[in-house]
Amino acid sequence: MRRLSILLAALLMSMGSLLAQNQQGFKRHILSGTHAMLRVNPEKRYLLLPVEEKESESKVRVIKDGHSEEAIDIRLATGKPDYFVPLDLSCYGKDGILLDIVFSGNYRTVGNIEDYSCWQQMRLSDTFDTTNRERWRPQYHHTPLWGWMNDPNGMFYKDGVWHLFYQFNPYGSIWGNMTWGHATSRDLLHWQYEGTPVKPDALGTIFSGSAIIDSANTAGFGKNAIVAMYTSAAESQTQSLAYSTDEGKTFTKYSGNPILTEKAPDFRDPKIIWNRDTKEWNLVMATGQKMNFYTSSDLKNWKYESSFGEGYGCHKGVWECPDLIQMDNGKWVLICNINPGGPFGGSATQYFVGQWDGHQFTCESKPEVTKWMDYGKDHYATVTFSNAPDGRHVALAWMSNWQYAAVTPTMQYRSANSIPRDLGLFTDGGEDYVSVKPSPEIMRAFTKKASGLEEACMVEVSGLRRNATIELANGKGERVVMRYDANEQSFSVDRMKSGQTDFSDAFPSVTTAPTHGKVSRVLIFIDKSSIEVFDADGKFAITNLVFPTKPYDRLRVSGGKGKVWKMR
């Protein structure tokens, strides 16, 4: 009798569990120790998936009517979740979907697959809470609302709106599932998330690229269509097109993809520009440790013209994320991001000044000359907005470094972009260099009324003498020390004791920039987890992340006069 009671109780518990699953809108099928399926009824908009970052990635296929609609790599929680990410069910109709889930790695310490916490933790919801849970999330830098972000992509300006696309993982705060996220702004300061309009497909995940306004309808997608060109990354890296007729909210992929291929393992990050002189499209492609150039009249068919790079600049890593811009004096700047190989390790942005005739780039410097756009540790994947107003060259950089980007101490999101910078040229010692200044929109974000040091503010230090020291500190002994040495013509930023630094041996560092002459005034942009230093004349920039465990509240200046501008 006791045995029967136990069996009945077990049966009731099993039925209760099954009923609970059905009430939640999904039903689980365990198929093996590493394989399960989940039937999901779209009673609400989102299925919230629990993520545990220490786990190995699970592979999830979203299946509808027997067809695989989406493939996701996600670190599904087996123990305590770190955070949740949303799977948007609204695009799959009302008939429900099947999730095919394969776990990998060693889960023995957690127990059997039936005991994984993800089954109890996942839930349906009509909302996804993006309220900030991170103490180091910046106030005036762009960040994704959730998930991982790296390179800025497809940036353009149209009708008063700045459009930023970016490498985005919607299913975790570690690199993967590369998709284009989209955000818009009218002031380069406040950004509105607009969704994920370019998603992976059968050709691969969506790597970096560019977008332009096809005002003359050269591609045949419509007058003023937004045409994006990006790298499809699978077994090989190929180049694809997509176009938008609704201001970048949605994109249609070109049926003739891929449009450009190459026998090379690293062939990516297409940058399209319109050449006013030759009246055709130019294209720059990062190809290993060189840049390939192409021309086209219709954005679909591209002719190879030439390559640049052999023997020039730094070759300690792979060349990535190119850009090609014509400056006011007619000279051209070829931007070339490199990883590794930066002046202080890891990722950085180098560039070359010269001439571009529509077919070939000629560098005006000697091959051994290397020029860096920023001398911090956290300035990479720099590209400019297409169609910026008044002929400006407005650049954004990914504010991180591949040496430690995946382990910085945030989880709801990872990575921010730099503040926007306007690029120009200046000359020193017979060489042309790119000048880097904070964009006017950012300058307007701060009052000119002096205040005390705040978590998000700008510090202006003027009247710098030959040897000056600027220190930001807090009561816990954490500090960032900046030093100007006029004799050495150098400016350094020391973040060795800036706060939390133990997540990576590569993080504690002192970074130093050449000043190209005397410095009289610097602008220091402080946000919750970053410090960006600019010579007021644009002759150097230094961008570094910092993670103080308490906000810096003390400013000490020796050899100059400091003033704090707070945000409006």
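**Close-up views of a predicted model**

The count of aromatic pairs in this structure comes to 38. The model is predicted, and the views below show some of its local features.

**View 1. Trp162 and Phe385 form an edge-to-face aromatic pair.** The ring centres of Trp162 and Phe385 are 4.9 Å apart, with 75° between the planes. The pair links distant parts of the chain, the two residues being 223 residues apart. Trp162 belongs to strand S10 (residues 161-169), while Phe385 lies in the loop between strand S26 (380-384) and strand S27 (394-398). Trp162 has 2% relative accessibility and therefore counts as buried. Phe385 also counts as buried, because its relative accessibility is 4%.

**View 2. Trp180 and Tyr230 form an edge-to-face pair.** The centres of these two rings lie 6.1 Å apart and their planes meet at 65°, which is why the pair of Trp180 and Tyr230 is classed as edge-to-face. Here too, distant parts of the chain are linked: Trp180 is in strand S11 (residues 179-185) and Tyr230 is in strand S14 (residues 225-233), 50 residues apart. Both Trp180 and Tyr230 are buried.

**View 3. Five aromatic residues form one cluster.** The members of this aromatic cluster are Phe128, Trp146, Tyr166, Phe168 and Tyr193.

**View 4. Charged side chains sit over the rings of Tyr433 and Phe507.** Lys371 lies over the face of Tyr433, 4.8 Å from the ring centre. Over the ring of Phe507 sits the charged end of Arg495, at 3.6 Å from the centre of that ring.

**View 5. Strand S17 pairs with strand S18 in a hairpin.** S17 and strand S18 (residues 280-287) run antiparallel and are joined by 7 bridges. Phe267 stands opposite Thr287, which is in S18. The hairpin has 4 residues between the strands, and Lys279 in this hairpin takes a positive phi near 55°.

**View 6. Cys314 is in no disulfide.** A search of the whole structure finds 0 disulfides. For Cys314, the nearest cysteine sulfur is that of Cys336, 8.7 Å away, whereas a disulfide needs the two sulfur atoms within 2.5 Å. Cys314 counts as buried because its relative accessibility is 8%. Another cysteine, Cys457, is buried as well, with a relative accessible area of 0%.

Key
Residues are numbered from 1 along each chain as its sequence is written. This is a predicted model: local features need pLDDT of at least 70, side-chain atom pairs count only at pLDDT 80 or more; totals for chains, interfaces and linings use all residues. Side-chain values use heavy atoms; hydrogens and water are left out. Buried means under 20% relative accessible area, exposed over 50%, partly exposed in between (1.4 Å probe, protein chains only). Rings of Phe, Tyr and Trp (its six-membered ring) pair if their centres lie within 6.5 Å; planes under 30 degrees apart count as stacked, over 60 as edge-to-face and the rest as tilted. A charge sits over a ring if NZ of Lys or CZ of Arg is within 6 Å of the ring centre and within 35 degrees of the ring normal. Two strands pair if DSSP finds at least two bridges between them.
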